Amino acid sequence: MAAVTLAGLRLETVERRPELRDRMEALVQRVWPAFVTESHAPKSDTMPTDWPGVYRRWPQFQYALLDPEDDELVAAGNFLALAWNGDAEELPDTGWTWAMFQAKLDHEAGKAPTVACALGITVEPARQGQNISRLAVTAMRDLARAAGFSRLIAPVRPVWKPRYPITPMAEFIRWTTAEGLPLDPWMRVHARLGARVVKPCERSMLLAGSVAEWERWLDLPLPASGDYVGPGLLAPLHVNRQADECIYVEPNVWMEHHL
């Protein structure tokens with residue numbers, strides 16, 4: 001795909017410019033919480049994910065928004081495609097993890113994908129507040145549509161949910177503004193582009209690590225086994241000091257774009 005311009009920014013894919021991968025990953029590592037980028041799957045996990053493999057399997061869906069003047073990376077977007085034809089209401093509770101795992105299986109089996117699924121969008125902190133997130137979602141929609149997909153599903157990670165870590169996601173996603181849009185700003189970006197809120201995916205991401213690792217990631221002592229809230233967590237973290245394992249089950253919310 002030739003480079004296109006979106007509101008003054010250049011849209012490029014890893015397929016067209018492979019060297020963008022390292023720059024995109026550096027941005028992800030810098031912006032996302034360490035418990036997301038450094039944790040591993042729980043010992044009992046049955047759906048292992050392969051983040052690096054996303055760039056190999058779907059380079060055309062890993063994209064960057066660049067400042068055309070200096071080639072500065074303004075935002076990075078990641079999505080994939082899988083063979084799934086169900087109604088959005090039937091999407092699984094395992095959200096992001098399911099999408100990653102199932103898409104890999106479908107790809108390895110040679111199945112023709114039927115739906116695009118968002119994985120994440122990362123905006124350069126210095127460029128936040130400049131409507132970049134909306135442009136990044138628009139770019140994802142455009143790429144998915146150009147690839148022939150009529151739907152884009154998204155296990156959205158609400159940015160305001162850490163303010164209400166003990167509030168059930170099912171309740172949180174019902175909160176709206178005076179305009180009737182989602183209270184959460186990130187959900188609102190999707191909604192303003194036509195996406196509808198489908199339902200929570202309560203076990204979207206399963207992230208594990210040792211007690212020492214989680215104490216470092218959260219900058220918070222975890223002196224006893226039990227459940228804790230901490231910086232950046234959308235839900236409580238479960239600590240098992242005897243097993244030296246902390247497991248964080250993150251809820252997200254399924255949203256659906258019709259393209």
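Reader: Is Ala7 buried or exposed in this model?
Author: The model is predicted. Exposed means over 50% relative accessible area. Ala7 therefore counts as exposed, at a relative accessibility of 64%.

Reader: Where does Ala7 sit, and what is its phi?
Author: Ala7 lies in the loop between strand 1 (4–6) and strand 2 (9–13). Most residues other than glycine have a negative phi. Ala7 is not a glycine, yet its phi is positive, at about 50 degrees.

Reader: What is the phi of Asn131, and where is Asn131 found?
Author: Asn131 is not a glycine either, and its phi is positive, about 70 degrees. Its place is the loop between strand 5 (115–123) and helix 5.

Reader: How does Asn131 count by relative accessible area?
Author: Buried means under 20% and exposed over 50%. Asn131 has 46%, so its class is partly exposed.

Reader: At what angle do helix 5 and helix 7 pack, and how is that angle classed?
Author: Helix 5 covers residues 132–146 and helix 7 covers residues 185–192. Their axes are 10 Å apart, at an angle of about 50 degrees. Angles under 35 degrees count as roughly parallel, and 65 to 115 as roughly perpendicular. The two helices are therefore oblique to each other.

Reader: Which residues make the contact, and which hand does the crossing have?
Author: Helix 5 contributes Ser133, Arg134 and Val137. Helix 7 contributes Trp186, Val189, His190 and Arg192. As helix 5 passes helix 7, the crossing is right-handed.

Reader: How many residues of each class are in the contact of helix 5 with helix 7?
Author: Two residues there are polar and two are charged. The nonpolar ones number three.

Reader: Are Cys117 and Cys246 buried or exposed?
Author: The cut-off for buried is under 20%. Cys117 has a relative accessible area of 0%, so it is buried. Cys246 is at 0% relative accessibility, so Cys246 also counts as buried.

Reader: Where is Asp67, and is it buried or exposed?
Author: Asp67 is in the loop between strand 3 (62–66) and strand 4 (73–82). Its relative accessible area is 14%, so Asp67 is buried.

Reader: Which residues does Asp67 contact beyond its sequence neighbours?
Author: Neighbours within four places in sequence are set aside here. The contacts of Asp67 are then Leu9, Glu72, Val74 and Arg127.

Conventions. Residues numbered from 1 in each chain as written. Predicted model: local features only at pLDDT ≥ 70, side-chain atom pairs only at ≥ 80, totals over all residues. Heavy atoms only, no water. Buried < 20%, exposed > 50% of the residue type's maximum accessible area, 1.4 Å probe, protein only. Helix = DSSP H or I, 4+ residues; strand = E, 2+ residues; numbered from the N terminus. Contact = heavy atoms within 4.5 Å. Axes fitted to C-alpha atoms, helices over the stretch in contact; angles between N-to-C directions. Parallel < 35°, antiparallel > 145°, perpendicular 65-115°, else oblique. Left-handed = near helix turned anticlockwise from the far one by under 90°. Nonpolar A, V, L, I, M, F, W, Y, C, P; charged D, E, K, R; others polar.
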